[in-house]
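Reader: I have a model open and would like to go through a few local features with you. Could you take my questions one by one?

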Amino acid sequence: MSCWQTIQDYGLRAIGIGERLLPRDDFTLCQQFTLIGSGMIWNIYFGLVALICGFFLATAVAVGKASPRRIFRKPSEWFIFIFRGSPLFIQFFFGYFLFLSLKSVSPIFDPFTAAWLGALIVLFFNTAAYSGEIFYGALQSIPKGDTEAADAYGMTGWARFRRVIWPTMLRLAWPAYTNEAIFLFHATALVFLSGFPAWQQRGDALYYASYFADKTFNPFVPYPILAGYFILLTLIVVGIFGLVNARLNRHLPQDARPKLRLRPNLIR
């Protein structure tokens, strides 16, 4: 079988298109690259959807934590504390146990016990908590002169937030938020180790890497391939977020624009 035929057969297997059965023996590098790359579709899905949805919740949580009203501030503080204070790996197991319990109450919760939805919700809340703390710190760092200028122009309420506070918050928070986005995509590899099952053997990239490592008794081929895919994904994220960072700081002189630097979280 040629490598092109292998790509046609297994390139989209992770989403149910192509061969149903995994190769059993005589594994080639092309098969490993193709299937692990196919599994990356799920990692990108988990990271992208959780990041987009978590961005809006994080903004609301940050505004709530900065609110002088206790009814908004306390729930935001506890939300951030719980999801930042507990390991993500444990959150996956608690989330799976919760959805299993709800499933026994009503069949409407059945999809939540699958990885495509249940694990996504856990990642969504986790990144919203971390991003919310980042945005809250940026809100506290907004120069007083910016808000005074908005007041001088007669801006109040939503107009003041949309045109002055929110853009300035994003500009200040974006470098740290970029690191959170990178960590989130890396954290999607934990979905395989959580209690959420893969549907019909359609797992993520780590699922296929572990399959090849178990079958060949040689982890030094599939896992470096997996790492290479994540490194490539990280470069893409840094590039996209760098473009957004340049857009957010387009009003500044070229030499005054902050450079986006990659500072990975080694311990979290």
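Reader: Which residues make the nonpolar surface patch of about 540 Å²?
Author: That patch is made by Phe89, Ile90, Phe93, Phe94, Phe192 and Leu193. Patches are made of residues with over 30% relative accessible area and no salt bridge, with like charges joined within 9 Å and nonpolar side chains (Val, Leu, Ile, Met, Phe, Trp, Tyr) within 5 Å. A salt bridge here is a side-chain nitrogen of Lys or Arg within 4 Å of a carboxyl oxygen of Asp or Glu, and accessible areas come from the Shrake-Rupley method with a 1.4 Å probe, where for residues only the protein chains shown count as cover. This is a predicted model, in which local features need pLDDT of at least 70 and side-chain atom pairs count only at pLDDT 80 or more, while totals for chains, interfaces and linings use all residues. Residues are numbered from 1 along each chain as its sequence is written, and side-chain values use heavy atoms, with hydrogens and water left out.

Reader: Switching to H2, is Ala62 buried or exposed?
Author: Ala62, which sits in helix H2 (residues 29–66), is buried, because its relative accessible area is 0%.

Reader: What does Ala62 touch?
Author: Leaving aside residues up to four places away in sequence, Ala62 touches Gly132, Phe135, Tyr136 and Leu139, contact meaning heavy atoms within 4.5 Å. Ala62 and Tyr136 are 74 residues apart in sequence, yet their C-alpha atoms are 4.5 Å apart.

Reader: One on backbone angles: what phi does Asp26 have?
Author: Asp26 has a positive phi of about 50 degrees although it is not a glycine, and its place is in the loop between helix H1 (3–10) and H2. Asp26 counts as exposed because its relative accessibility is 68%.

How values were computed:
Helix = DSSP H or I, 4+ residues; strand = E, 2+ residues; numbered from the N terminus. Buried < 20%, exposed > 50% of the residue type's maximum accessible area, 1.4 Å probe, protein only.
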